[in-house]
Amino acid sequence: MLARLVQLPADPPLDPSAEQGRGLLRDELRKLPYGEHKSLLDRLNDWINEQISKAALSGASGIGKIVLLVGVIALVATIAYAVTRVRAGRRARAAAAETAVLEETGLSAADYRQRAKTADQAGDHSAALLDWFRAIVRAGEERALLDDRPGGTAHELARALGAYFPAEVAALQTAGHAFDEVRYGGRTADGAGSARMRELDDRVQHTRPQHVGDGVDDSLVAPGRWAP
């Protein structure tokens, strides 16, 4: 008798092991509705089809069906327009971030100058030229000559600063062009180019700005914040 009891198969455990539990959970998630991972567009399409089917089965009049159809078209057009606007905004923000002169936050003009000096000493005149120009722009913000909103291009910022420093208009435009050539055009700056940018920064830094004149890009000028 005892031998027969020993030979009986054991009952399955009431509590599954951790691995068994994970397997059971995976099997459960594969079943609908857990495994039904539809996109928003697919869900919208299903909802539209459902509404059209309901209208057809309800025996709605021809006018009612037309009203429903127009409503669905208006809803789809509204959603498509909203999605397009959101995507366009993301692309615009990404493009602005890529072309912005000041890509970093929290750095002062003095920080950029120190970094430019270090790059010059290391022989990296391209990096130095970029940071000398960034120092000019950041100093313009610190002196409340420029709005501190991000996104201004080198050309725009140089033109806006030129309105305050008439004697440096040509030099600022050349500096903005040099920045673009190195930053986006792949040109390599030499020591002379970096030195010219450093000298421009020094001249602008020690020049008293004049009042804003005509032709200033108002979108980059700090409203009511001008200070000598």
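A residue counts as buried when its relative accessible area is under 20%, as exposed when over 50%, and as partly exposed in between (1.4 Å probe, protein chains only). The structure is a predicted model, in which local features need pLDDT of at least 70, side-chain atom pairs count only at pLDDT 80 or more, and totals for chains, interfaces and linings use all residues. Residues are numbered from 1 along each chain as its sequence is written, and side-chain values use heavy atoms, with hydrogens and water left out.

Start with a helix pair. Two packed helices are described by the angle between their axes and the distance between the axes. Helices are DSSP runs (H or I, at least four residues), numbered from the N terminus. Helix 6 (residues 125–142) and helix 9 (residues 191–205) have axes that come within 9 Å and cross at roughly 15 degrees. Helix 6 is therefore roughly parallel to helix 9 (angles under 35 degrees). The axes are lines fitted to C-alpha atoms over the stretch in contact, with angles from 0 to 180 degrees between N-to-C directions. The crossing is left-handed: the near helix is turned anticlockwise from the far one by less than a right angle.

Now the contact itself (heavy atoms within 4.5 Å). Helix 6 brings H125, A128, L129, W132, F133, A135 and I136, while helix 9 brings G191, G193, S194, M197, R198, L200 and D201. These residues divide into eight nonpolar, four polar and two charged. Here Ala, Val, Leu, Ile, Met, Phe, Trp, Tyr, Cys and Pro count as nonpolar, Asp, Glu, Lys and Arg as charged, and the others, Gly among them, as polar.

Next come the salt bridges. Each is a side-chain nitrogen of Lys or Arg within 4 Å of a carboxyl oxygen of Asp or Glu. The count comes to seven. One of them pairs R113 with D201 at 2.7 Å, N to O. R113 lies in helix 5 (residues 109–121) and D201 in helix 9, so the bridge ties together parts that are 88 residues apart in sequence. Both R113 and D201 are buried.

D131 and R134 meet at 3.0 Å, N to O. They lie three residues apart, about one turn of the helix. D131 and R134 are both buried.

E168 and R203 meet at 2.9 Å, N to O. E168 lies in the loop between helix 7 (154–162) and helix 8 (169–183), and R203 in helix 9, so this pair links parts that are 35 residues apart in sequence. E168 is buried at 11% relative accessible area. R203, at 34%, counts as partly exposed. Salt bridges that share partners also join E104, R115, D131 and R134 into one network.

Terms used
Helices (H or I, at least four residues) and strands (E, at least two) are DSSP runs, numbered from the N terminus. Angles under 35 degrees count as roughly parallel, over 145 as roughly antiparallel, 65 to 115 as roughly perpendicular and the rest as oblique.
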